Number of protein chains: 2
Amino acid sequence: MKTEELVAQIKKKKSFLCVGLDTDLDKIPAHLLKEEDPIFSFNKAIIDATQEFCVAYKPNIAFYEAYGLQGWQSLQKTIDYLSTNYPEQFTIADAKRGDIGNTSTRYAKAFFETLNFDSITIAPYMGKDSVEPFLAFEDKHTILLALTSNKGAFDFQTQLVKGEALYKEVLRTSKTYANAKNLMYVVGATKAAYLKEIRQIIPESFLLVPGVGAQGGSLKEVCDYGMTKDIGLLVNSSRGIIYASNGIDFAEEAGKKAMQLQQDMQLELEKR
Amino acid sequence: MKTEELVAQIKKKKSFLCVGLDTDLDKIPAHLLKEEDPIFSFNKAIIDATQEFCVAYKPNIAFYEAYGLQGWQSLQKTIDYLSTNYPEQFTIADAKRGDIGNTSTRYAKAFFETLNFDSITIAPYMGKDSVEPFLAFEDKHTILLALTSNKGAFDFQTQLVKGEALYKEVLRTSKTYANAKNLMYVVGATKAAYLKEIRQIIPESFLLVPGVGAQGGSLKEVCDYGMTKDIGLLVNSSRGIIYASNGIDFAEEAGKKAMQLQQDMQLELEKR
C-alpha cells in the first residue's frame, strides 16, 4: 500500500487506530475453543466488528509462532481474510526481525511476498545492511524500532552515543539508508514527551505508537507532540480492544472499545 | 540440554563445529526439487553426512519462514529428525527475536516448547525485560547478539556509550539479568581481535561465532583469543558446508567440508 492511500483512509475514517491481534488461546472466549480454528474465528469476528473504526491491523507474530504449524496457518488465514474483505486496511507484521543481509531478504520475502503484509517491524541493532533489504520492496513499509514502550527501553535506547540518545542516532542514521522513504518508526506512547524531539529529526515519517491504554500512554499527548499535517500516526491498541469481554459478546464489546478510540481520535483530528 | 552435556560432546568429538542450515530452494541440488519436501530431504542428507563432525545445528529461521506454511513444516520435521536420531546435538534457532515481556514469552514457547530447540538467538535492543522471559526456561540457552559479523555491526554496536562500545555495555548489563547463567553470546569471527576484551567481561560464557570461512574470519584467531578451559566456543559454518556441491554428491562433499573443519578444530584443541 502506498503511504498516500493510508493517509486517505485515515482522513476518510477520521481514525488512525491500529488494532493489535495478539491472539492467545488462554484469553479468548471459551465457546470459541470448539471451533476448528479458534484463533482465526476470533480474529475474523474481531476484524468484522472493528474494521469500521480502524485503518490498520497488527498481528503480533509471536502469538502465532507459539502454536507452531497451526498458528502459522491461522496467521495466513487472517491476512488472507483481511486482503480479500478489507483491502483498504494497512497490515503490519509485528515481527521485530533483523539479520545479516541475505537473511533479512528472506524475512522480507516471508512477510512482504508469502504473507503479503504491507509492513513489518524491524530491530536496528545489526545496522544498515540488516535493514536495507526490507526497504528495497516498493510500496512496502519497514517500521524500525526507535524508542519502545517497555521499561527496557531505558537500558540501551536512551543511553548517550555521541552526546545524544541511541534511539536518536538510530533515527538520524536511518534517514541515510537506501529507500529511506519506506521507513516508519516505533515510538512508545508511554514516552510521549520525547515526541517533540523525535519530530525534529523525522518531521514527516509515520510513527507506530504502542502503549496507549493498557500501558498508560496518553492519546492527547501523542497527538500534541507527534501529529503531522498528514497525521503521521498509527496508534495501536491490542488487549484493551480484543479482550474487552470474554463472553459471547466479545466482538460487540471490542467494536465498542474501537469506536470509543476512534471518537477520541476524531476529536483530536478536529482540534487541529 | 545442560551446558556440561554440550562441553562433554565437544571434548568427545574434538569439535566445536555448528552447521548452519540456511536451506534455500534456489541453491539446493536440482534433483531434490522432485521430492515431496525438498528442504527436509536436503537437511536430512546434510545432517546424516555431517553429524559425526559437529556438535550443533543452527537452522536459520528466515529461510523457513520465507516458504510460509510449507517452510514451517520443513523446520518442524528437521528439528524432530535431529531430536529423534541425534539427541546429543545442540540445536540453535537462529531467530534474532526480542519484544516486550509477554511477547518474548510467546517466542520462548514457540522455540523452546513447540519446536523444542535447545537455544535461540536474541537481539538486545529492547533491554532486560525483552530478554529475561527467555532466560526463565531451565536447560535452555539464550544467545544474545553482542558483536555481529556484518558491516552494520559498526553502525551502533561499536558506538561509545559511557565511554565504551555499546556491545560491551550489552555484555556487562546482561550479566545482571535473572538466570544469566543461561546466556551465550553471538560474536562474529570477522572481529576476532575484539575477543580478548570480550573475554575480560564474560570469561566463561559460550560464544556462537559466525563468519569463519565465507565471511573471512580466522579459526586460529578465534581460538587464540576466545577459547576457555571448557572450550566456550561454537563456530558456525553454513554456506561453506551445505553448498559445497550442488550435484548428487552434495551430502558427501558437505561431509568432507565438515570433516576438514573438525580436523582444524582438533588441531587447535590439541595445541592447548
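In E10(B), Leu208(B) has Leu234(B) as its bridge partner. Strands here are DSSP runs of at least two residues (E), and helices are runs of at least four (H or I), numbered from the N terminus. The model is predicted: local features need pLDDT of at least 70, side-chain atom pairs count only at pLDDT 80 or more, and totals for chains, interfaces and linings use all residues. Residues are numbered from 1 along each chain as its sequence is written, while chains are lettered from A and ligands numbered from 1 in the order in which they are written.

Strand E9 (residues 207–209) of chain B pairs with E10(B) in the parallel sense over 3 bridges. Pairing requires at least two DSSP bridges between the strands. Strand E1 (residues 17–21) of chain B also runs parallel to E10(B), joined by 3 bridges. Here Leu17(B) stands opposite Val235(B).

E10 (residues 233–237) of chain B is mostly covered, with 5 of its 5 residues buried. A buried residue has 20 or more other C-beta atoms within 10 Å of its own, with C-beta atoms placed from the backbone. In a regular strand, side chains alternate between the two faces of the sheet. Leu233(B), Val235(B) and Ser237(B) point one way from E10(B), and Leu234(B) and Asn236(B) point the other way.

The largest nonpolar core has 186 residues. Such a core joins buried Ala, Val, Leu, Ile, Met, Phe, Trp, Tyr and Cys residues through C-beta atoms within 7 Å. Among those with the most contacts inside it are Leu17(B) and Val235(B). In chain A, 57% of the 272 residues count as buried. Chain A has 11 helices and 10 strands.

How values were computed
A residue is buried if 20 or more other C-beta atoms lie within 10 Å of its own, exposed if 12 or fewer, and partly exposed in between; C-beta atoms are placed from the backbone.
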